[in-house]
Amino acid sequence: MKKLAVIYHSGHGHTQHIAGHVLEGARSVPDTEARLLKAEDLTRAPDELLQYEGYILGSPTYLGSVSGTFKTFMDATGRLWRSQQLKGRLAAGFTVSSLPSGDKQSTLMSMFVFCMQHGMLWVGNPILPEQHLGVPYDEAANRLGSWSGLMAQAGHSAAADSFPIGDIKTARMFGQNFAQTLHRVSVTCENAEAFA
Ligand SMILES: Cc1cc2nc3c(=O)[nH]c(=O)nc-3n(C[C@H](O)[C@H](O)[C@H](O)COP(=O)(O)O)c2cc1C
């Protein structure tokens with residue numbers, strides 16, 4: 001059994017909606033235990049991270065970076081950084097914003113650098129954009145063409161569950177790919193069993 005956590009913050013529900021689909025994708029892989037965790041809860045108890053072998057990080061893009069709440073969670077892991085207890089674990093990132101670009105790449109880079117500082121191994125989003133195969137743009141997997149992590153776009157003031165079908169499909173594939181990668185790559189976590 002492999003254990004992974006989908007860790008997210010969501011101010012208005014959009015990132016939470018995508019996180020749910022990422023979780024479902026991860027859970028579709030046999031022998032995978034995937035949990036949904038709020039960044040603000042982990043800020044109070046960062047040692048809970050130690051029980052997982054992989055992390056999928058999710059934040060809305062606020063002013064071209066992760067949200068303040070998500071950054072507070074990142075900063076709360078300082079003690080784990082000093083002891084490098086997360087070293088060698090797998091990580092990936094996703095973000096939601098309202099504009100087609102909206103500087104989402106910058107948000108993914110913040111997550112990537114955070115994970116590199118912890119010595120983690122980064123998993124991308126290896127999905128070819130399906131519009132190149134003739135699938136209509138809104139229905140196409142990885143329609144936004146992001147390989148460094150998952151990007152999703154909800155229109156300005158749109159309902160929290162109002163995403164193009166393609167983004168929902170991509171979120172599930174992204175979660176599934178991460179769980180499959182976790183099974184392929186042998187991650188040994190000395191502390192994982194103590195928290196099981
Ligand atoms: C403070 C703030 C800053 C934002 N900055 C950006 C931005 O830089 N680029 C963008 O495309 N959208 C931006 N947005 C829009 C959000 O990314 C978008 O509404 C997203 O769906 C919010 O996700 P959430 O519902 O999970 O909080 C911003 C929204 C807020 C509230």
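Trp 81 touches Gln 117 and His 118, leaving aside residues up to four places away in sequence. The model is predicted. Trp 81 sits in helix H4, which covers residues 78-83. Trp 81 and Ala 179 are 98 residues apart in sequence. In space, their C-alpha atoms are 24 Å apart.

Gln 85 is in the loop between H4 and strand E4. Gln 85 is partly exposed, with 19 other C-beta atoms within 10 Å. Gln 85 and Gly 134 are 49 residues apart along the sequence. Their C-alpha atoms are 45 Å apart in space.

## Leu 49, a buried loop residue

Leu 49 is found in the loop between helix H2 (39-44) and strand E3. Is Leu 49 buried or exposed? Leu 49 is buried, because 22 other C-beta atoms lie within 10 Å and the cut-off for buried is 20 or more.

Which residues does Leu 49 touch? Setting aside residues up to four places away in sequence, the contacts are Leu 42, Thr 77, Leu 80 and Leu 86. Take Leu 86 as an example. Leu 49 and Leu 86 are 37 residues apart along the chain. Their C-alpha atoms are separated by 8.2 Å.

## Helix H5

Helix H5 runs over residues 104-117. How well does its length agree with expectation? At 1.5 Å a residue, its 14 residues should span 20 Å. The end C-alpha atoms are 20 Å apart, so the two values agree. The buried residues of H5 are Lys 104, Thr 107, Leu 108, Ser 110, Met 111, Phe 112, Phe 114 and Cys 115. Several elements cover them, including strands E3 (54-60) and E4 (90-97). Helix H3 (68-75) also takes part, as do strands E5 (121-122) and E6 (150-153).

Look at one residue of this helix. Phe 114 lies in H5. Phe 114 is buried, with 21 other C-beta atoms within 10 Å. Phe 114 and Lys 71 are 43 residues apart along the chain. The separation of their C-alpha atoms is 9.8 Å.

## Residues with positive phi

Asp 103 is in the loop between E4 and H5. Phi of Asp 103 is near 65 degrees, a positive value in a residue other than glycine. Asp 103 has 16 other C-beta atoms within 10 Å, so it is partly exposed. Just after H5 comes Gly 119, with a positive phi of about 75 degrees.

Asp 31 is another non-glycine residue with a positive phi, near 60 degrees. Asp 31 is in the loop between helix H1 and strand E2 (32-38). Is Asp 31 buried or exposed? Asp 31 counts as exposed, because it has 8 C-beta neighbours inside 10 Å and the limit for exposed is 12 or fewer.

## Helix H1

Helix H1 covers residues 14-27. H1 has 14 residues and reaches 20 Å from its first C-alpha to its last. That is close to the 20 Å expected at 1.5 Å a residue. Of the 14 residues, 10 are buried, so H1 is largely enclosed by the rest of the structure.

The buried residues of H1 include His 14, His 17, Ile 18 and His 21. Val 22, Leu 23 and Gly 25 are also among them. What covers the buried residues of H1? The cover includes strand E1 (2-8), E2, E3, E4, E6 and helix H6.

## Where H1 meets H6

Helix H6 covers residues 165-184. Its 20 residues should span 28 Å at 1.5 Å a residue. The end C-alpha atoms are 29 Å apart, which agrees. H6 is mostly covered, with 14 of its 20 residues buried.

How do the two helices cross? The axes of H1 and H6 come within 6 Å and cross at roughly 45 degrees. The helices are therefore oblique to each other. H1 passes H6 in a right-handed crossing. The residues of this contact divide into 10 nonpolar, 4 polar and 2 charged. On the H1 side they include Ile 18, Val 22, Leu 23 and Glu 24. On the H6 side they include Ile 168, Arg 172, Phe 174 and Phe 178.

Note on methods: Residues are numbered from 1 along each chain as its sequence is written. This is a predicted model: local features need pLDDT of at least 70, side-chain atom pairs count only at pLDDT 80 or more; totals for chains, interfaces and linings use all residues. Helices (H or I, at least four residues) and strands (E, at least two) are DSSP runs, numbered from the N terminus. The expected span of a helix is 1.5 Å times one less than its number of residues. Two residues are in contact if their C-beta atoms, placed from the backbone, lie within 7 Å. Axes are lines fitted to C-alpha atoms, for helices over the stretch in contact, and angles run from 0 to 180 degrees between N-to-C directions. Angles under 35 degrees count as roughly parallel, over 145 as roughly antiparallel, 65 to 115 as roughly perpendicular and the rest as oblique. A crossing is left-handed if the near helix is turned anticlockwise from the far one by less than a right angle, and right-handed if clockwise. Ala, Val, Leu, Ile, Met, Phe, Trp, Tyr, Cys and Pro count as nonpolar, Asp, Glu, Lys and Arg as charged, and the others, Gly among them, as polar.
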